[in-house]
Amino acid sequence: MGGMPPVNDMPWWRWRINVRSALHMLSDPVFQQECWLAGQAGYGDVTDAVYRLVEDTWLDNWSAEKYVGTIFRDSQEAALVDVAVLRVLRIMHQVGADALVPAYLEHHGWPEAVRAAREAHVRLATNDGEDPDVPPRTLEVLAIMTQAV
């Protein structure tokens, strides 16, 4: 995917990395089964991913469109992220923020939330010149990637 800009060309690239990480984990059913459901250390859980998605961005309070040019490259990225955030937050509010992983994965709306997260993840990863199909990074790798230089 040569010629695509690196993720750190965005003004708020650290926030972008966290949003992308959350979308990546939320969009990958195999990862969810093998890591979250199996309790594999190093990746957090569903609630952690949702927190990374909305933590600094406040996407639970306003549209991703607000961040076009800082976190998101264009309105299409923002629109896809908005849909994913709404789907995931709806489920979180229904099952509870402290629910166990199976409560999320067994929720009737989870497949649609996964699809929405996948669409957003693929768009953001592709726009950053990265392969959207590589496995999600651990939280340790994310911490290293987002350290101040």
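A residue is called buried when its relative accessible area is under 20%, exposed when that area is over 50%, and partly exposed in between, as judged with a 1.4 Å probe on protein chains only. By this scale Arg 137, with a relative accessible area of 34%, is partly exposed. The structure is a predicted model, in which local features need pLDDT of at least 70 and side-chain atom pairs count only at pLDDT 80 or more, while totals for chains, interfaces and linings use all residues. Residues are numbered from 1 along each chain as its sequence is written, and side-chain values use heavy atoms, with hydrogens and water left out.

We can begin with the charged side chains. The structure holds 11 salt bridges, a salt bridge being a side-chain nitrogen of Lys or Arg within 4 Å of a carboxyl oxygen of Asp or Glu. In one of them Arg 16 pairs with Glu 77, and the closest N and O atoms are 2.9 Å apart. Because Arg 16 lies in helix H1 and Glu 77 in helix H4, this pair ties together parts that are 61 residues apart in sequence; helices here are DSSP runs (H or I, at least four residues), numbered from the N terminus. Both partners are hidden from the surface by the scale above, since Arg 16 is buried at a relative accessible area of 0% and Glu 77 is also buried at 0%.

Arg 16 also meets Asp 128 in a salt bridge, again at 2.9 Å from N to O. This second pair links distant parts of the chain, with Asp 128 in the loop between helix H6 (110-127) and helix H7 (139-145), 112 residues from Arg 16 in helix H1. Asp 128, like Arg 16, is buried. A further salt bridge joins Glu 130 and Arg 137 at 3.3 Å, N to O, and a network of salt bridges links residues including Arg 16, Glu 77, Asp 128, Glu 130 and Arg 137.

The aromatic rings come next. The structure holds 7 aromatic pairs, where rings of Phe, Tyr and Trp (its six-membered ring) pair if their centres lie within 6.5 Å, with planes under 30 degrees apart counted as stacked, over 60 as edge-to-face and the rest as tilted. The rings of Trp 15 and Tyr 67 have centres 6.3 Å apart and planes at 80°, so this pair is edge-to-face. Trp 15 belongs to helix H1 (residues 13-26), whereas Tyr 67 sits in the loop between helix H3 (46-54) and helix H4 (75-95), 52 residues apart. Trp 15 is partly exposed at 26%, but Tyr 67 is buried at 5%. Ring pairs join these two residues and Trp 12 into a cluster.

Conventions
Helix = DSSP H or I, 4+ residues; strand = E, 2+ residues; numbered from the N terminus.
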